[in-house]
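Please look at the sequence and the model first, and then read on.

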Amino acid sequence: MSTIADNLQAVEATIAAAVQQAGRARSMVQLLAVSKTFPAEAVLEAIAAGQRAFGENYLQEGVEKIAAVARAQPDAAVEWHFIGPIQSNKTRPIATNFAWVHTVERLKIAQRLSEQRPPELGPLNICLQVNISGEATKSGATPNELPELARAVAQLPNLRLRGLMAIPEPQADPALQRAAFAQLRQLGEALRADGILVDTLSMGMSGDMTAAILEGATIVRVGSAIFGTRNYHKDSE
């Protein structure tokens, strides 16, 4: 049975092959290990294998895990990313516990995060979530809404607008995977042409990270390929 360290090594090999194919430097893509539903012990195992950036979808679980990992590894310099849906009444603990938020889709949420971010922590890194496939069940701003939202969020104090995030409709065909990711890349390029200096594309997961990297991903969010199959039969919120 493979260990988390083995799995991280395999994911690293996939990323390395993809950046080589894309003609990009390995340093241009950050691996975000999505640790939702897995215990702090799994995160500590990944830390021991060299991983430092972790993504959490469920706020209560994430905050408890952040505290547990900090107690066990106070000097590990772990970076925590919130990648789940955001309710207005949950913004304060997100603003105080995480370094990145990938799922901002409304100005109201960004304003609350800005107001509630402790200044001593420095700016909170923000990605705007885009519903790139137009799915009714998916969160995210529409491509048409994005420019106005980005301009407004870029002006908020205590936040740093870094870029865009998307979860496209699942596709088995690598060409279709790339087409969706290319759309997000083009939206980021349009923002930069408009003077909004974003540098991040958070896109690609266990099943499509190669396609995402080929289209310019700077953060890939990988969970099951690192930690194994998730058990969702527990209350995570």
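Which residues of helix α5 (residues 107-116) are buried? They are I109, A110, L113, S114 and Q116, where buried means under 20% relative accessible area with a 1.4 Å probe and protein chains only, and where helices (H or I, at least four residues) and strands (E, at least two) are DSSP runs numbered from the N terminus. The model is a predicted one, in which local features need pLDDT of at least 70 and side-chain atom pairs count only at pLDDT 80 or more, whereas totals for chains, interfaces and linings use all residues. Residues are numbered from 1 along each chain as its sequence is written, and side-chain values use heavy atoms, with hydrogens and water left out.

**The core**

The buried residues of α5 pack against α4 (91-97), β4 (100-104), β5 (124-129), α6 (146-154) and β6 (159-165), a contact being heavy atoms within 4.5 Å. L113 is also, together with I126 and L128, one of the residues that touch the most other members of the largest nonpolar core, which has 63 residues; such a core is a set of buried Ala, Val, Leu, Ile, Met, Phe, Trp, Tyr and Cys residues joined through side-chain atoms within 4.5 Å. Helix α1 (residues 4-22) gives the most to this core, with six residues. Apart from it lies another core, of eight residues, including A53, W100, M165 and I219.

**The pockets**

A pocket is an open set of points on a 1 Å grid over the protein atoms alone, where a 1.4 Å probe fits, with protein on both sides within 12 Å along at least five of seven lines, and its lining residues have an atom within 4 Å of a point.

| Pocket | Volume |
|---|---|
| Largest pocket | about 240 Å³ |
| Second largest pocket | about 190 Å³ |

Each volume is the space filled by probe spheres set on the points, which are joined across faces, edges and corners. Of the 15 residues that line the largest pocket, I83, P85, Q129, S139 and I167 are the closest to its centre. The second largest pocket is lined by residues including K36, N57, I83, M165, I167 and R230.

K36 lies in the loop between β1 (30-34) and α2 (40-48), and K36 counts as buried because its relative accessibility is 13%. An unreviewed UniProt entry annotates K36 as "modified residue: N6-(pyridoxal phosphate)lysine", and UniProt also lists residues 7-230 for "domain: Alanine racemase N-terminal" in an unreviewed entry; such annotations may be inferred rather than shown by experiment.

Notes. Buried means under 20% relative accessible area, exposed over 50%, partly exposed in between (1.4 Å probe, protein chains only).
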